[in-house]
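Open the model in your viewer and keep the selection tool at hand. This tour goes stop by stop.

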Amino acid sequence: MDRRLVILVEFELHEGKEPEFRNLVLENAAASLRDEPGCRQFDVLTPEAGPGDRITLYEIYDDAAAFDAHLATPHFATFNDATAPLVATKTVHRLGFASPS
């Protein structure tokens, strides 16, 4: 059984907040990949065209415990607190793999 967990997070930002948010999310992504053994992928995605107020995260963890460990890290707490006033809406999807890798 494939226990990997995919986290897909969709952010809609308040107008004009994208540059600040981008810096913070890129720092969080780098720290996650560098410091968390269970974090296998952490991509920060932006729309190919359209407004820059939407950012999507695509993350892969070894399992749910690895994601829970991510949520408990100091770098995530710093990111979450610093970005809260920049975010209009945030949607988190927890996904599994339907087919073997």
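Which residue in S4 is the bridge partner of Leu8? Select Leu8 and look across to S4: the partner is His93. Keep in mind throughout that this is a predicted model.

Stop 1: Select strand S1, residues 5-13, together with S4. The two pair in the antiparallel sense, over eight bridges.

**Stop 2: the whole sheet.** Four strands form an open sheet, and its order is S2-S3-S1-S4. The pairing is antiparallel. Strand S2 (39-45) and strand S4 (87-95) stand at the edges. Each has a single partner strand, so one side of each has no neighbour in the sheet. From one strand to the next, the twist averages 15 degrees.

**Stop 3: the helices on the sheet.** Select helix H1, residues 18-35. H1 lies across S1, S2, strand S3 (54-61) and S4. Its direction is at about 165 degrees to S2. Next, select H2. This helix also packs on the sheet, where it touches S1, S2, S3 and S4. H2 makes about 130 degrees with the direction of S3.

**Stop 4: the core.** Show side chains for Phe11, Phe21, Leu57, Tyr61 and Phe79. In the largest nonpolar core, which has 20 residues, these five touch the most other members. S1, H1, S2, S3, H2 and H3 each supply at least two residues of this core. S1 gives the largest share, five residues.

**Stop 5: a loop residue.** Go to Thr73, in the loop between helix H2 (64-71) and helix H3 (74-83). Is Thr73 buried or exposed? Thr73 counts as buried, because its relative accessibility is 13% and the cut-off is under 20%. Its side chain makes a polar contact of 3.2 Å with the side chain of His75. A polar atom of the Thr73 side chain also lies 3.2 Å from the backbone nitrogen of Phe76.

**Stop 6: zoom out.** The protein has three helices and four strands. Along the sequence they follow the pattern β-α-β-β-α-α-β. The radius of gyration is 14 Å, close to the 13 Å that the globule rule gives for 101 residues, so the protein is as compact as a globular protein of that length. Of the 101 residues, 34% count as buried.

Conventions: Residues are numbered from 1 along each chain as its sequence is written. This is a predicted model: local features need pLDDT of at least 70, side-chain atom pairs count only at pLDDT 80 or more; totals for chains, interfaces and linings use all residues. Side-chain values use heavy atoms; hydrogens and water are left out. Buried means under 20% relative accessible area, exposed over 50%, partly exposed in between (1.4 Å probe, protein chains only). A polar contact is a pair of N or O atoms within 3.5 Å; within protein, one must be able to donate a hydrogen and the other to accept it, and residues adjacent in sequence count only if both atoms are side-chain atoms. Two strands pair if DSSP finds at least two bridges between them. Axes are lines fitted to C-alpha atoms, for helices over the stretch in contact, and angles run from 0 to 180 degrees between N-to-C directions. Contact means heavy atoms within 4.5 Å. A nonpolar core is a set of buried Ala, Val, Leu, Ile, Met, Phe, Trp, Tyr and Cys residues joined through side-chain atoms within 4.5 Å. The radius of gyration is taken over C-alpha atoms; the globule rule is 2.2 Å times the number of residues to the power 0.38.
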